[in-house]
Structures are given as structure tokens and as C-alpha cells.
Amino acid sequence: MSGEEGSSGGGGGGGGADVNRGASTSRGGRTASRGTSSWSGPRHWKSRRNEPKREVPIAMPMPDDGVATNVALNEGKYQDWKLYLPYDEYKAGSANEKNVEAFMEYIERKAAQYDFNNILRTMFFEIILWDMQSDETFQNNWSSFGEDLLFQPEELLACCAMAMHHKLLSLPTQDTTFIHEIFPRIVDFGPVAQLTSQIIYGCGKIKMVCFKGTVARLVPSHHICTWMSYKCPLCGTAQSVRQPDGITIFPKSCRKDDCKWASKFRTMDSPFNRLAIVQMITVEESVRDRKRDPMRKTKSIEVELTNEQVDSVFPGDDVTVTGVLKLRKHESEYLKDKEKPITLTPYVQAVKIISDSKIKENAFEGFSEKELADIEVIKNHPFPLKLLVHSLCPSLMGHEMVKAGLLLGLFSRTPDDSADRPDVHVMMAGDPGLGKSCLLKACASVAPRAIYTSCSASSRTGLTATLRKEKGQGTTLEGGALVLADKGVCCIDEFDKIASNHQALLEVMEGQKVSVAKAGIICSLPARTTILAAGNPVDGHYNRSKTVAENLKIKPAILSRFDLCFLMLDDNRKKAVEDSFAAASSENVPAPAEPLRKRLEIRKGEKIKTVTHDILRKYIEYCQTQVNVEIKRDAGTLLQKYYVHLRQISKPEEGATSAVTVRQMDGMLRMLVARAKIDHSYNTTEAHAQDVIELVKHCMTDVLSLGGDDGNHVNTRHMHSPGTSMAAKCRQFYRELQDKAEQKRKKEFHMREFESIADKMGMRRDLLDIVDSINTQAYIIKLGNGLYKLV
């Protein structure tokens, strides 16, 4: 702010026009020097009468040199009284002065608890409520402290800040003359409530509130002017005017008794010019709030952060906000011949904001004795996985293996912020009407922190992050579903209907973050989210001659991020394939005595007493936070052998279009840890590894086909394969026929030779279509009796 480079408009702010009219009457002849009159007929006076009364600006005189910073705002024996209590005139023996003295006496007795040099550097200090409420001397000196904190928080905080300010001025430090405003921070205020309409709209005056919520929107920080110095253009008298909420307010008149000039005040450089850094965020109902109704719009409220609180939280963070609930006035434009409408919007001026990610909770905090007893019942069950499988979605019969895979995703989240993702992403694909959406909603119901969304009504930025330009606030950053579900589960239905650009999800699913570099905002938002997705085939039914990527029109790069991809088909053919595949095993990986699918099914006459979703949710939260699993050598060796087996059967020369990579091995290790958590086991076992292997085999049945009469399985494609078009298959098959013809020096082939070649290339399922296609295009000629000639 350069000196004398700005000036107020004619009449100034804060009622300057009225002062001009009065001044021109008392001092005629000087009106011309202040500009022409703004009167424009009878309509002008009618509109002026309809204006609401303007607030008188708060102004303080300044020394002539404009430098002595400890003189101008001095009221009595307290420095900067008007800085903290601008609407309260200083009176010796007043209630506010007694409160300031009571807190000063408390600071003197508790001086060992405060680092005054750090307070002088950071300009804030903490007020620990439980310590003050247990101090009998302080309670006697300030008996109404608790009531004042609830119903008069602004005055109470101002008195505490002024007392600390007075203490800092007494320190033997030369910089104390330039102390700016001190911010007190309340600690341990309660009770902590959820963000509901009763808290937002249930009061008619300012009061202190404390609530939990999730940060949904973030506005970049900016500086506002809280006090501005002005100089009278006539006599040169300086004064400092308070700028409430950063709104420019000009002096009403000159502070000199024999001047009273009322317009065209000029700004000036001065130590009394005060700036504050502020940031607005939007906090909505917490994702963990089980009373949150997904069928209505989520309630939210704006929160104003100041000083050290700026940039301390990000979209997706669960926060506990303690602050002063206030009303902000938004004045619209003047309406002709009508009164000026005023809109009041509630907001919270944060006194203390804590991100739950920075809090290390106690091991059993948040669990009641009854909940711990219910958790113990599940732990002691002979087969916890079976109990949880049938408790996840009791209304949907069958699909035990799919439910087991979804449970691995729910249990995979860990409390620590490790560089490697612990999440198990699960995809469900297949024919419509088989309960995929029902399973996703059940997962969202039992997860401690979950968001359910559908891609049919979501955009790519709606899942990740959105940048918006809003009037008066600039560019704002708003987190999407994956960001808001940080450290939780995001259930995405209709995954096949997502926008064509899937690249935005690649970083989220593997890197656990959303990077934003747009409109001058460069940041990375955490998105440590487990994704459970479901999709329907584009043709209306699943085509077995195509891979999952071809059926769902999803790029293989996205599909490869899913650790498990289940097929839900509306026929009995897959069950026959599963039974045959479960009987088969590799040489290095022995088959279990009883397949997992059989063990999960309810036998005839067996009854299972399922647990409620509330108990299941607590058990998942308990295992996520309290069970740290260690991978033992025997279980890891078993998975290693199976991984080697998959590599051998997925070689490119055998016709597989996508070989098994290390990503599949990492996924099996994550599933192994989640499987141990379901049993509340701190160590993995071979049985856990065998269950993981069977789930992976179950997901691979869509890429296996029954071979010849021996019933052996022929690997045609990997489950993450992008697939090959029919035209490409025909070209590959024709080239192979040409090579065989050159080797054998003959052009006639029997159908049995075609079958042998197709088996080696992994095209046995599409052999008839390929032969018909190249025959129609005259690449081969049918001679009869199963014989064909290469042209």
C-alpha cells in the first residue's frame, strides 16, 4: 500500500453523503471544492429513504508522525483495546476489563505452559478448557466463563487475546511494539456433533459450536485488509479505520475538531495498516455419518480459516471444527422503488480446526463394550469368512465367491499412509439383473467410510476433482467422489458408462492421489480409496467370445488395475466350468481338500445366524485399524509358485495377448493380507493363500474353455486381456496356414489340422467363425469331407 496513491469517492463510505449535505449547510462556500451535488430530482430522495442505515465506521486517531505504533490505539492501560473490542469503549472497572485481568492473572500463574517467544512468532496460542475449568482461582475470578464461551464467544476470545497481547508487550523484546492481532485457539470444546440442520439453523444469535464434517471445497487463500490508515486532504490529520471482513470502509469525517472534512480521504503507508490471510472452505456432512441420507442433498456450511489454519486441510479430509457461528450479509443491487433486499447466510469463523488424519486414536476408542463383545463373537466363529459372506447381502442368494472378493476389498484398507497401496480393487461384470448394484449398496452400507455413485450421472471430474470459477472467490477446488472417499471405499455402479477418458482413474487406482495442474492451481489431493465397481455389457448380455474389456468397452490399462474381476452370468455353463477347473491343479500348487466355493455354500439343513450391518461395520473398522498382518514364508511361497504357474501358461507364443505381470503378484499379496484380517489373524497361513488362489482361479474362468475330449483347459486369453478383433484373428490364422503350407509343401488341410493350429494359437472357441470368414473372402476353398485348400 503506497502512501497517498488512493482516495475515497465523493462522500466516502459509511454515510459520507449525509455528512456532505450537513457540512455544506454549516460551511457554505466550500461545497464546490468537494464536487457537484448528486441530487437528481424527487426520485433520488425516495430511493435514499429506502436505503438501510449504514454502519458508522470505527476509526482511531493516529500520531502526527504516523509511526509510534503503541500510542494511537491505546485505551487506558491496555494496548490496542480497539483492535480486539472495536465496538466497546474502554471503561475502568467494566466487565470486560475484569475478564482481561482474570485471564492475565491465569497466564502469570501458568506461565510455564506457554512459550511466549513462539506465540510472538506464530501469533496464536491455545486455551485448554479442561485446565481452566478445573482451576478454582480462575473460576472465582471469572465465574461466567463457561456461559460466556457458549453465548458470547467473540467478546470472550477478544478478552483472552488482549490479555496475552498485554503480556507479550511486557516481554523484554524490541519487536513487541509491532505486535499484530493475537488469535486464541480453543481446545477440548464439546460436545462434538454431526453437521445437521439443528446446528446450522437452530440458533438466532452468535454462539460457539463444534461439529464433525468432510471438507468438500477449497478456495485459495488471499489477504484482506483489516485496518487501513487515511489522511485528511485538507489538514493532513491521520486516522486508522477498521475494515470489517475486508470490505473497504472510508472515514466518516476528519478526527480534528476544527476540520471535520468528510470526503476524498487518501490512503497512506503506516504501521497501523493491518493485513490478515484468510481462506474459505466448505464442510459437508461426514462420509462416516451413518444417518446421512443418500436420497437428499448433503448439508454443508462455509468455514473461514485464518492465520496458521490456512492450507491446513484439503478436500476429502475429515475435520473437527470449533468456531463461532455467525451470519454474513449479502447485499444485492438496489431495486427501483423498493427496499433493498438483504440475504443472511450462516458461516463459521473457525477458532480451532483439527484434521482426523493427524489424530492418533486410542486402540479401543470408539468401541463400546457391547460392540467389543459382538466383535469377539465373530472372532471366535469357526469360519468367519462364511459368516460374513452370508451377512453382507442376505437378500441376494448365491454368488458366495463374489461376496468373498468384495469382503477382501472392504478389509484391505490400513490406517497407515504407506507408499504402496494396500487396497484391493474389485470389478463385477456380466449380465444385467443379477444383483450387482445390490451388492455395491450393501458394501457401501457396511463400510466405515464409503460413497456410492453411478457413472451414468457422473463425469470424469465428478469422480476426481473439479475447478470452478465463482464470482468474488476466484477459482475454487472441489473434490470428487474418489477424493471424498479418501481412506474408505468408493462403490461405482454402471462403470461401463463412464466418460471415454479413463486416464484420470489410472493415477487414483495405482498412485492413490489426484494431481491437479490447472488455472494456476498445482496440487495433489489424496485419494487412498478402495474401488468396488460394477458394469454391464454394451450389447445387453455378456458375449463369451470377447474379453471383459471388449464387453464393457473399458481400456485394458484400467481393467488391469482391478485385482479381481468377477463374471456374473445368467446360466449354468460357468458353474460347470468352475467345477471342472477346481478339480484341475498345477503340479506345484496342490488342490484343496474341498474347494472354497463348496465351503462357503450353505449345506442342506445348515442354519447360519447372520450379523447385522452395524456389527459388521464395527468388525471391519476394528480389523482395519487394529490388526497388523505379517506375511509368513509358507503362505508367500505358495503364492509365488502359483504366480510362476500363471506365467508359464500365459506366454505370448501360446496365444495369450497379455502376459501375467508382477502387478498380479502384488495384488495376490494384498488379498492375502485382507484374507488374514477377516479371520482376525496377525499371521498369514497356507489356508489363507489357498483361498486367495481359488478366488483368482474363479475370476479366470471366463478366459478358460473346455478343450477336446480329455477335458483339459486351454488358456485362450488372460482376464485383463484387451482382446483381439475377428479381423485380426483371421489374419493371424491365415499367416499360420501359409507357414504350415510352406513347411509341408502342400496346400490341402483337414479340419482336424485347423483344430490343432487353433488350439496352439488360442483360437479354438472362434475357429468356425474364422474358417467361415476366410472361406467367404476366398482365402481358402472348401473341397468337401472336411478338406480345405489354401489359395
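1. Leu 787 sits in strand β26 (residues 787–790). Helices (H or I, at least four residues) and strands (E, at least two) are DSSP runs, numbered from the N terminus. Leu 787 counts as partly exposed because its relative accessibility is 34%. The cut-offs: buried is under 20% relative accessible area, exposed is over 50%, partly exposed is in between (1.4 Å probe, protein chains only).

2. The model is predicted: local features need pLDDT of at least 70, side-chain atom pairs count only at pLDDT 80 or more, and totals for chains, interfaces and linings use all residues. Residues are numbered from 1 along each chain as its sequence is written, and side-chain values use heavy atoms, with hydrogens and water left out.

3. Leu 787 also belongs to a nonpolar surface patch, with Ile 781, Leu 783 and Val 791. Together the four have about 340 Å² of accessible area. Areas come from the Shrake-Rupley method with a 1.4 Å probe; for residues, only the protein chains shown count as cover. Patch members have over 30% relative accessible area and no salt bridge; nonpolar side chains (Val, Leu, Ile, Met, Phe, Trp, Tyr) are joined within 5 Å, like charges within 9 Å. A salt bridge is a side-chain nitrogen of Lys or Arg within 4 Å of a carboxyl oxygen of Asp or Glu.

4. The largest nonpolar core has 69 residues. Leu 385, Leu 406, Leu 407, Leu 410, Phe 411, Leu 532 and Met 668 have the most contacts inside it. Helix α13 (residues 400–411) gives the most to this core, 8 residues. Another core, of 41 residues, lies apart from it and includes Leu 85 and Phe 138. A core is a set of buried Ala, Val, Leu, Ile, Met, Phe, Trp, Tyr and Cys residues joined through side-chain atoms within 4.5 Å.

5. Arg 449 lies in the loop between α14 (436–446) and β14 (450–454). Arg 449 counts as buried, because its relative accessibility is 4%. A polar atom of its side chain lies 2.8 Å from the backbone oxygen of Gly 316. Beyond neighbours within four places in sequence, its contacts (heavy atoms within 4.5 Å) include Thr 214, Asp 318 and Asp 486.

6. Ser 144 is in the loop between α7 (136–141) and α8 (145–151). With 27% relative accessibility, Ser 144 counts as partly exposed. Its C-alpha atom is 9.6 Å from that of Asn 99, 45 residues apart along the chain.

7. Overall, the protein has 28 helices and 26 strands. Of its 791 residues, 49% count as buried.

Notes: Polar contact = N/O pair within 3.5 Å; in protein donor to acceptor, adjacent residues only side chain to side chain.
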